[in-house]
Amino acid sequence: IMELAWSIGHFFMWLFIGRFLLKNWIIFILLSIAWEIIEFFIPLSFALEAISNKISDLFVNTAGFYLGYKSRK
C-alpha cells in the first residue's frame, strides 16, 4: 500500500512539474534517474525499495510528466 501512495505522489509531482515548470525532456529524464540513484545513498527507510519499484517509479514519473506537458496545449 505504501508503494502505491508513493507512486501516486510521484505521478502528481511530475504532472505539476510538466504542466507548470519544465518543458525539457532531457532534463526531466536526468532528474528522474538521478533521484532514483540518490535514493540508494539516503539512510532513511522511505528510500529503501526494490529495484522493480525504482523502475516502476520511472514509468510513473514519465506518465505524470507526459500528461502534465501535454496539458500545456
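**Exercise 1. Find what histidine 10 touches beyond its sequence neighbours, and say whether it is buried or exposed.**

Step 1. Leave out residues up to four places away in sequence, and histidine 10 touches Glu36, Asp57, Val60 and Asn61. Contact here means heavy atoms within 4.5 Å.

Step 2. Histidine 10 is found in helix 1; helices are DSSP runs of H or I with at least four residues, numbered from the N terminus.

Step 3. With a relative accessible area of 12%, histidine 10 is buried. The cut-offs are under 20% for buried, over 50% for exposed and partly exposed in between, using a 1.4 Å probe and protein chains only.

Before going on, a word on the source: this is a predicted model, where local features need pLDDT of at least 70, side-chain atom pairs count only at pLDDT 80 or more, and totals for chains, interfaces and linings use all residues. Residues are numbered from 1 along each chain as its sequence is written, and side-chain values use heavy atoms, with hydrogens and water left out.

**Exercise 2. Look at aspartate 57 from its own side: which residues is it in contact with?**

Step 1. Aspartate 57 is found in helix 3, and at 4% relative accessibility it counts as buried.

Step 2. Setting aside neighbours within four places in sequence, aspartate 57 is in contact with Ser7, His10, Glu36 and Glu49.

Step 3. Now try tryptophan 6: its C-alpha is 8.6 Å from that of aspartate 57, though 51 residues separate the two in sequence.

**Exercise 3. Work out how helix 1 and helix 3 cross, and which residues make the contact.**

Step 1. The axes of helix 1 (residues 2-21) and helix 3 (residues 51-70) come within 7 Å and cross at roughly 35°. Axes are lines fitted to C-alpha atoms over the stretch in contact, with angles running from 0 to 180 degrees between N-to-C directions.

Step 2. The crossing is right-handed, meaning that the near helix is turned clockwise from the far one by less than a right angle.

Step 3. Helix 1 brings Glu3, Ser7, His10, Phe11, Trp14, Leu15, Ile17, Gly18 and Arg19 to the contact, while the helix 3 side includes Asp57, Val60, Asn61 and Phe65.

Step 4. Sorted by class, that contact has nine nonpolar, seven polar and three charged residues. Ala, Val, Leu, Ile, Met, Phe, Trp, Tyr, Cys and Pro count as nonpolar, Asp, Glu, Lys and Arg as charged, and the others, Gly among them, as polar.

**Exercise 4. Find the aromatic partners of phenylalanine 28 and describe their geometry.**

Step 1. Rings of Phe, Tyr and Trp (its six-membered ring) pair if their centres lie within 6.5 Å; planes under 30 degrees apart are stacked, over 60 edge-to-face and the rest tilted. The whole structure has nine such pairs.

Step 2. Tryptophan 25 and phenylalanine 28 pair edge-to-face, 5.6 Å centre to centre with 90° between the planes. They sit about one helical turn apart, because they are three residues apart in helix 2 (residues 25-38).

Step 3. Tryptophan 25 is partly exposed at 29%, whereas phenylalanine 28 is buried at 2%. The rings of phenylalanine 28 and phenylalanine 65 have centres 4.4 Å apart and planes at 5°, so this pair is stacked.

Step 4. Phenylalanine 28 lies in helix 2 and phenylalanine 65 in helix 3, so the pair ties together parts 37 residues apart in sequence.

Step 5. Put together, Trp14, Trp25, Phe28, Phe65 and Tyr69 form one aromatic cluster.

How values were computed: Helices (H or I, at least four residues) and strands (E, at least two) are DSSP runs, numbered from the N terminus.
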